[in-house]
Amino acid sequence: MGEDDLVDSVPRPLWRTVSGFDIVSKVDYPEVDNAINQTSREIATRFDFKNAGAEISRSGNKIEMKASGEERVRAILDVLQTKFIKRGLSLRALDVADPELSGNEYKIFAEVKEGINADDANRVAKIIRDEGPKSVKAQVQGDELRVSSKSRDDLQAVQALLKGKDFDFAIQFVNYH
């Protein structure tokens, strides 16, 4: 019995490199603040907002927009959405309520959504199971979804699949391993 026979008879560990990534829905709050500050500066200098009582503020994940008329408060929202896009923030992370009259001014409340809730995570996992490559596994971990496979090509196919879908929440792919 030679040395080579001895090495071949010892079971080798069955480790294979498993690649993966996480699907999350996160918002960069400093960028949100920058978008709000830019919106505030723009409404302070624009002629159509003069004497309209136009104002925007953020507290936690709530954004409040105020103006004297409904069309002015909608214009503030439009400016904010434009700033979101310019700063690379997804509009899907913004949950906007309808304008409401409060005294003599209109208000719009918007909420910055973060995290993937359990129903949405299960829906994404089902899409991956049904339409994605068979070697890909998806598991829900809190407010994110971990996707893993032995094939990096399959992972890229899953990313392309999910980018092509229209979800009502923002998704990012992070933590590649």
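In the predicted model, helix α2, which spans residues 29-45, packs against helix α3, which spans residues 70-86, with the two axes 9 Å apart and at an angle of about 135 degrees. The two helices are therefore oblique to each other, since an angle would have to be over 145 degrees to count as roughly antiparallel. The crossing in which α2 passes α3 is right-handed. On the side of α2, the contact is made by V32, A35, I36, Q38, T39, E42 and I43, and these meet I76, V79, L80, K83 and F84 on the side of α3. By residue class, this contact of α2 with α3 comprises eight nonpolar, two polar and two charged residues.

In soluble globular proteins, nonpolar side chains tend to be buried together. In this model, the largest nonpolar core holds 23 residues, of which V32, I56, I63, M65 and L80 touch the most other members. Two or more residues are given to this core by each of α2, β3 (62-67), α3 and β6 (105-112), and the greatest contribution, six residues, comes from α3. Two of the residues that touch the most other core members, V32 and L80, also take part in the contact between α2 and α3. When residues up to four places away in sequence are not counted, I56 touches I36, T39, S40, I43, I63, E64, M65, I76 and L80.

Although S57 and S40 are 17 residues apart in sequence, their C-alpha atoms are 8.3 Å apart in space. Neighbours within four places in sequence left aside, the contacts of S57 are with K62, I63 and E64; of these, I63 and E64 are also touched by I56.

K66, by comparison, is located in strand β3 and counts as buried because its relative accessibility is 18%, where the limit for a buried residue is under 20%. With neighbours within four places in sequence again left aside, K66 is in contact with G53, A54 and E55, with V73 and I76, and with E105, Y106 and K107.

Methods. Residues are numbered from 1 along each chain as its sequence is written. This is a predicted model: local features need pLDDT of at least 70, side-chain atom pairs count only at pLDDT 80 or more; totals for chains, interfaces and linings use all residues. Side-chain values use heavy atoms; hydrogens and water are left out. Axes are lines fitted to C-alpha atoms, for helices over the stretch in contact, and angles run from 0 to 180 degrees between N-to-C directions. Helices (H or I, at least four residues) and strands (E, at least two) are DSSP runs, numbered from the N terminus. Angles under 35 degrees count as roughly parallel, over 145 as roughly antiparallel, 65 to 115 as roughly perpendicular and the rest as oblique. A crossing is left-handed if the near helix is turned anticlockwise from the far one by less than a right angle, and right-handed if clockwise. Contact means heavy atoms within 4.5 Å. Ala, Val, Leu, Ile, Met, Phe, Trp, Tyr, Cys and Pro count as nonpolar, Asp, Glu, Lys and Arg as charged, and the others, Gly among them, as polar. A nonpolar core is a set of buried Ala, Val, Leu, Ile, Met, Phe, Trp, Tyr and Cys residues joined through side-chain atoms within 4.5 Å. Buried means under 20% relative accessible area, exposed over 50%, partly exposed in between (1.4 Å probe, protein chains only).
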